[in-house]
Amino acid sequence: MRKEYSASYSPVDGVDDRDDTNLLDSYTETRPLANFRLLRWSPWVSHGVLVSITMMFFVLWARSPSIDDVVLYSPANEAIESIGIIRFNGTLGTPSIYRGSPSPEIDAAWDRISFDARPIRMTLEQLLRTGEKPSPVMARYPEEYGGGYMATVEVIHQLHCIDMLRRVSWGDEYSVHDAHESPQDFRIHLDHCIEMLRQIIMCRGDVTMLTYDWVEGVKDPFPNFNIPHRCRNFEKVLNWVEEHRVFVPKSKVVRLEDNVDLPSPP
């Protein structure tokens, strides 16, 4: 029995169903049905494709690093190694190789992590990757010592500032004045260190939570400073600095022919 379709596709009168022409007629009649099915399903197919594309972009967005995860380039980045979550020891009076009355042992401990700028070398390519641009005011090593730009890592400078404050806190126990610094210049140097430490602390914005405890004999709740922090392996950074340290006699650290002077410190 012949299936009925729309009038515009009705079979030709007087033609035998067994005629070859009917085969063509039958083929012609089924096409609108296929097109109809395609049209009926196309919105769902389109919707599925859009959902898939949306999910793909969402996954890529979720996996992309946030602005806080982006690490500024430094040649020393290769020395960065997380040692996980470390609980600080902030109990008042806890012994440490870095605290206590002035002694050769304590000074040696601080000197190991903070003494001297420990200059290293940066190539032009590395300098550009940090976001800086080469300038005639930048100090460079003589070609006979390998050339390159003089640099150091910030953490050494920060620890130098803390050590400077430590020494000042002991008053006359230390002769903290540099032989080349006047009392006024020393005060400027000290204030510089305080300001640098303020900026780095506020920049990092540590939001680790401190809890408070009741302590016998203490009127108000007392903060518990023994809290966990995510830490890096400082010894690995220090070793990297030592491995890349450039030893050049001070007499050779001079202005090169194309160097110019800044009118004041940057």
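Predicted model: local features only at pLDDT ≥ 70, side-chain atom pairs only at ≥ 80, totals over all residues.
A salt bridge here is a side-chain nitrogen of Lys or Arg within 4 Å of a carboxyl oxygen of Asp or Glu.

**Helices α2 and α4**
- Helix α2 (residues 104–114) packs with helix α4 (residues 154–169) at an angle of about 155 degrees, and their axes are 8 Å apart. That angle makes α2 roughly antiparallel to α4.
- On the α2 side the contacts include I106, W110 and I113, which meet a set of α4 residues with I156, L159 and I162 among them.
- A salt bridge joins the side chains of R166 and D107 (3.2 Å, N to O). R166 lies in α4 and D107 in α2, so this pair ties together parts that are 59 residues apart in sequence.
- R166 is buried at 10% relative accessible area, and D107 is buried too, at 18%.
- D107 and R166 also belong to a salt-bridge network with D111, D163 and R167.

**Other salt bridges**
- In helix α5 (residues 183–204), R187 and D191 sit four residues apart, about one helical turn. Their side chains form a salt bridge (2.7 Å, N to O).
- R187 is partly exposed at 41%, and D191 is partly exposed at 38%.
- R255 and D261, the pair from the opening, are both exposed.

**A nonpolar surface patch**
- L92, L210, V215, V218, F222 and F225 make a nonpolar surface patch of about 480 Å².
- V215 is found in the loop between β4 (211–213) and β5 (222–224), and is partly exposed, with a relative accessible area of 35%.

How values were computed
Residues numbered from 1 in each chain as written. Heavy atoms only, no water. Patch = residues over 30% accessible without salt bridge, like charges linked within 9 Å, V, L, I, M, F, W, Y side chains within 5 Å. Areas by Shrake-Rupley, 256 points an atom, 1.4 Å probe, with all protein chains shown as cover. Helix = DSSP H or I, 4+ residues; strand = E, 2+ residues; numbered from the N terminus. Buried < 20%, exposed > 50% of the residue type's maximum accessible area, 1.4 Å probe, protein only. Axes fitted to C-alpha atoms, helices over the stretch in contact; angles between N-to-C directions. Parallel < 35°, antiparallel > 145°, perpendicular 65-115°, else oblique. Contact = heavy atoms within 4.5 Å.
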